[in-house]
Amino acid sequence: MMNKIFALMIIISVICGTVNNKIGEVSDAAINSCVEAVELCIYLAGGMCMWGGLMQIAEKSGLTEKIAAVFRPVLKFLFKGLDTNGRAFHAICLNITANMLGLGNAATPLGIEAMRAIKEEEKLTDTASRNMIIFIVLNTASITLIPTTAASLRIKHGSEAPMDILPCVIITSAAALTIGLIMAVVFNGINLKKKRGKEIVRLHNSTVHCNDNNIWLL
């Protein structure tokens, strides 16, 4: 889907540049954006490596166990059925910690590991479970206490107070997380009701079919 969206954006840009006789500017923007993207990756690599290394140290030193203990009461309520001492639960705790520190790129591999662990623990096939959906919401709209990546970008572009966005970041991320979790729970409940309704109809049809067969046999 994203490939189609990006392709559509490129096509629209070329068409608009041609119509407005600014195709040269479109070409320059494409080339400059590629260069800036590489520079940005290199600029952010240092911070990502440092925080990623700290996450590895935290995992091997046992700090993740303490982090898991802090999050356990809330996450145990959100992720029903998951083993609080299992690999999936620990990966979820690490992912949430990385997101709270504003390390979205560092949280991505932890999120992938958590999804794989949830799938193995719940023995799923191709359908996302309730725990997977809740985790996706937590990963996408997590509360950010320290916007590390955003602050790095602000420093790069000359901001004298890169962390002055902190109150707004905390408020907006908390609001997004709250709404996301509410919607996930609501839609999950609607989906369960639909499944139960279909199951009741199926059982009813099976009962009628059995009764018809019994009548026919009599």
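Of the 218 residues in the protein chain, 28% are buried, where buried means under 20% relative accessible area, exposed over 50%, and partly exposed in between, with a 1.4 Å probe and protein chains only. The chain exposes about 14,800 Å², and carbon and sulfur atoms supply 68% of that area; accessible areas come from the Shrake-Rupley method with a 1.4 Å probe, and for residues only the protein chains shown count as cover.

Please note that this is a predicted model, in which local features need pLDDT of at least 70 and side-chain atom pairs count only at pLDDT 80 or more, while totals for chains, interfaces and linings use all residues. Residues are numbered from 1 along each chain as its sequence is written, and side-chain values use heavy atoms, with hydrogens and water left out.

The confidence score, pLDDT, runs from 0 to 100 for each residue. Its mean over the protein chain is 77, and 82% of the residues reach 70 or more. Where pLDDT is low, the predicted coordinates should not be read in detail.

Turning to the fold, the protein chain has eight helices and zero strands. These are DSSP runs numbered from the N terminus: H or I of at least four residues for helices, E of at least two for strands. Of the contacts between residues at least 6 apart in sequence, 63% join residues at least 24 apart; contact means heavy atoms within 4.5 Å.

Which residues have the most contacts inside the largest nonpolar core? They are Leu75, Phe79, Ile92 and Leu138, in a core of 24 residues. Such a core is a set of buried Ala, Val, Leu, Ile, Met, Phe, Trp, Tyr and Cys residues joined through side-chain atoms within 4.5 Å. Helices α3 (63-78), α4 (87-100), α5 (104-122), α6 (130-140) and α8 each supply at least two of its residues, and the largest share, seven residues, comes from α4.

Setting aside residues up to four places away in sequence, Leu75 touches Phe89, Ile92, Cys93, Ile96 and Leu138. Leu75 and Phe89 are 14 residues apart in sequence, with their C-alpha atoms 8.4 Å apart.

I now come to the charged pairs. The structure holds three salt bridges, each defined by a side-chain nitrogen of Lys or Arg within 4 Å of a carboxyl oxygen of Asp or Glu. Arg87 pairs with Glu113, the closest N and O atoms being 2.1 Å apart; this pair links helix α4 to helix α5 across 26 residues. Arg87 also meets Glu120, at 2.5 Å from N to O, and these two are 33 residues apart. Glu120 is exposed, because its relative accessible area is 54%, whereas Arg87 is partly exposed at 42%.

Arg154 and Asp164 form a further salt bridge, at 2.7 Å from N to O. Arg154 is in helix α7 (residues 148-156), and Asp164 is in the loop between α7 and α8.

Finally, the surface. Ile179, Ile182, Met183, Val186, Phe187 and Ile190 form a nonpolar patch with about 550 Å² of accessible area together. Patches are made of residues with over 30% relative accessible area and no salt bridge, with like charges joined within 9 Å and nonpolar side chains (Val, Leu, Ile, Met, Phe, Trp, Tyr) within 5 Å. Val186, found in helix α8 (residues 166-217), is partly exposed at 41% relative accessible area.

Key: pLDDT = per-residue confidence, 0-100.
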